[in-house]
Amino acid sequence: METNGNGITSLLDEILAKGVELKASDIHLEPREEYTRVRYRVDGMLQDGSPIHKSRHNALISRVKVMVNLDIAESRLPQDGRTNLKIKKDHIDLRVSTIPTIHGEKAVIRLLNRNHALLSLQELGMENYDLETYKAIISKRTGIVLVTGPTGSGKTTTLYATLTQLNSKEVNIITIEDPVEYQLPGINQIQVNVKSGLTFARGLRSILRQDPDIIMIGEIRDLETAKTAIQSALTGHLVFSTLHTNDAPSAVTRLLEMGIEKYLVEATLLGVVAQRLVRKISPNGYEGRTGIYEVMIGAYPQKGMRTLLEDGLLKVNKGITSHEEIARVVSLEG
């Protein structure tokens, strides 16, 4: 086994190239007692890559750290870093997180491929009725639109498709994100930087002095951000953001739990989209993903609103996905 620097560099290059080839969203480098396990998250599911000899683990993790300017001497504390690389023809943004485990440091490398075309609203997987409902919601000039779901459910993709649809030379769109996942032409994007004091709440206050028409906040995480978002909607802005809730009605509950007055939620909330990503059936097993959606107008469920489960079962009936996939991503308790 090679243990020199060049060998480790080419090993990491191979791992990254494999990740890009598989269209993986994340690569896990996991120290085990006997070996290092390499896993790739493809279409939301982890799959094993080729294991690596234990003797190469520390050098590999050090190489990952050097790549994103982390402290290679510090192995007892979690670290985070980022960089961008060109892998073959693809421009890839990398985000790296390391944590100490009992067998050594584990690294997770998130891959964001800038060459992958952004989806349009029509390509997300919304059924026609939901798509037309959503388009009607986002055509308003003021108010708040929320996209909800767990991490990795495609919320950012939906927001980017929405902003692309609304973008024109007549409107000023500003986002504050953590992180900025893709660069959107003609849209002003701000990266959260907690170390320098640029939080969602602080950035949002600054955005309001920039004469915006449309504002996108990556995530409403606290009462201060929620209050500023509500205030922005009340003062004539169209605001988009995300929350971590299981379904659309729960978004209202979450805002109330944060401390927002009920009448303010009712006055400003234009609608909520809850979503999940499911793998699509193809002849050789699953390939690619599509969204399932629940679109709620205003602050309360309306008659005829299709739930996530109902939208999922509709896609099963159309042969797009399977019952197993729907059961995996949607709680079937009702």
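**Salt bridges and burial**

Visitor: What does Arg76 count as, buried or exposed?

Guide: Arg76 has 67% relative accessibility in this predicted model. The cut-off for exposed is over 50%. Therefore Arg76 counts as exposed.

Visitor: Which side chain does Arg76 meet in a salt bridge?

Guide: The N to O distance is 3.7 Å, and the limit for a salt bridge is within 4 Å.

Visitor: How far apart in sequence are the parts tied together by Arg279 and Glu325?

Guide: Arg279 and Glu325 form a salt bridge, with their closest N and O atoms 3.0 Å apart. Arg279 lies in strand S13 (residues 269-282) and Glu325 in helix H10 (residues 323-329), so the pair ties together parts whose separation in sequence is 46 residues.

Visitor: Are Arg279 and Glu325 buried or exposed?

Guide: Take Glu325: its relative accessible area is 1%. Buried means under 20%. Arg279 falls in that class too; both residues are buried.

Visitor: What separates Glu325 and Arg328 within helix H10?

Guide: Their side chains meet in a salt bridge, 2.9 Å from N to O. Arg328 counts as partly exposed, at 37% relative accessibility. Glu325 and Arg328 are three residues apart in helix H10, so what separates them is about one helical turn.

Visitor: Which residues are linked with Lys106 in a network of salt bridges?

Guide: Side chains of opposite charge can pair when their charged atoms come close. Here, salt bridges link Lys106 in a network with Glu30, Arg37, Arg39 and Asp48.

Visitor: How many salt bridges does the structure hold?

Guide: The pair Arg279 and Glu325 is one example of a salt bridge. The total for the structure is 18.

Note on methods:
Residues are numbered from 1 along each chain as its sequence is written. This is a predicted model: local features need pLDDT of at least 70, side-chain atom pairs count only at pLDDT 80 or more; totals for chains, interfaces and linings use all residues. Side-chain values use heavy atoms; hydrogens and water are left out. Buried means under 20% relative accessible area, exposed over 50%, partly exposed in between (1.4 Å probe, protein chains only). Helices (H or I, at least four residues) and strands (E, at least two) are DSSP runs, numbered from the N terminus.
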